[in-house]
Amino acid sequence: MQSPNRVQRAARVPPELAGERLDKAAATVFDEFSRTQVATWIRDGDLTVDGAVAAPKHRLDGGELLTIDAQIAGPARWDAAQSGIAFDIVYEDDDLIVVNKPPGVVVHPGAGNVDRTLINGLLAHRPALGQITRMGLVHRLDKDTGGLLLIAASMAAHKALTRAFARHDVARRYLAVVEGVLTGGRVIDAPIGRDPRNRLRQKVSDGGRRAVTRIAVRERFRAATLIEAELETGRTHQIRVHLASIGHPLVGDTRYGARGRLPPRPSEGLIAAVRRFKRQALHAVALDLEHPTSGAPLHFDSAVAFDLVDLIDALRRDRDDA
């Protein structure tokens, strides 16, 4: 039986990462782990290329098999209260905490990120969360997705919010930038399940669970579109998978097929902005719900992360100057 403290993963380098350094490409391929952890495994020889140890600066051709076989520091520390973790409190009372999570912050401990997560920071802020199921966590955001996250601060609120999510009574809206120009909004109703060929990916699959995403076009650029996505369900990577399934992956989302698409004769500013954007262009921008104990209607907004604002500004300048 595999040790719970052992990490074993394998994945092929996608064509779009050809020419990248090993450390950068591996951090993209294995994005469930921190860049620091991936770099350490490369240096220690625990992350190999086609079975061979390679330097972090080694340039990849695409198609190589990256393999991790490493020991992690210890069990996930869900109950460890740790200060100095980046997040903002948008709203707080006895029953509910609304957090604005920056991109790059992992929500909860797990393989490769045993601590120093949002949950560990919240426990330092509110130690009583340790008495609540999953420390009050009722939904999650991917590491590289920023924006609003709900935390139940009492057991009554946890039960109420869990029921509200099950009834689809919590409205979650996201802003995203996708590759290509969408002609109009649509509802994507397509089941999602794990990709049998790559356990780190999800895919549209007849055998998956029902998933519904409502898409509205907010602004069109020459080779990209700013959209708003509203979740009716909450499957893993749902927005990322659904947009990729219709040929419009999120900008920066190499796991789901983003290729850094550019318009004809792009501006230098746009080329630079797209190249430096190394995460999925997705932000949880708004939440609407009833307070879990009082029933009062609540609405929360989140300012978009600076790097995504810079990307959108570059897309606008390229369009307007063309």
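Among what covers the buried residues of helix H6 is helix H7 (306-321), where contact means heavy atoms within 4.5 Å, and buried means under 20% relative accessible area, exposed over 50% and partly exposed in between, with a 1.4 Å probe and protein chains only. This is a predicted model, in which local features need pLDDT of at least 70 and side-chain atom pairs count only at pLDDT 80 or more, while totals for chains, interfaces and linings use all residues. Residues are numbered from 1 along each chain as its sequence is written, and side-chain values use heavy atoms, with hydrogens and water left out. Helices (H or I, at least four residues) and strands (E, at least two) are DSSP runs, numbered from the N terminus.

**Helix H6**

- Leu270, Ile271, Ala273 and Val274 are the buried residues of helix H6, which covers residues 268-276.
- Viewed down the axis of H6, these buried residues fall within an arc of 165 degrees, so they line one face of the helix; the arc is that of the directions from the helix axis to the C-beta atoms.
- Glu268, Arg275 and Arg276 are exposed on the other side of H6.

**Cavities**

- The structure holds two cavities of 30 Å³ or more, a cavity being a set of points, on a 1 Å grid over the protein atoms alone, where a 1.4 Å probe fits but cannot get out, with lining residues having an atom within 4 Å of a point.
- The largest cavity has about 80 Å³ of space, a volume being the space filled by probe spheres set on grid points that are joined across faces, edges and corners.
- Its lining includes Leu270 and Val274, together with Leu311 and Leu315, and H6 and H7 each supply at least two residues of this lining.
- By class, the lining of the largest cavity has nine nonpolar, one polar and two charged residues, where Ala, Val, Leu, Ile, Met, Phe, Trp, Tyr, Cys and Pro count as nonpolar, Asp, Glu, Lys and Arg as charged, and the others, Gly among them, as polar.
- The second largest cavity, with about 30 Å³ of space, has a lining to which strand E13 gives the most, with four residues.

**Positive phi in loops**

- Met135, in the loop between helix H3 (118-125) and strand E6 (146-152), has a positive phi near 55 degrees and counts as buried at 12% relative accessibility.
- His168, in the loop between helix H4 (155-166) and strand E7 (171-179), has a positive phi near 60 degrees and counts as partly exposed at 42% relative accessibility.

Note on methods. On a 1 Å grid over the protein atoms alone, a cavity is a set of points where a 1.4 Å probe fits but cannot get out, and a pocket is an open set with protein on both sides within 12 Å along at least five of seven lines; lining residues have an atom within 4 Å of a point.
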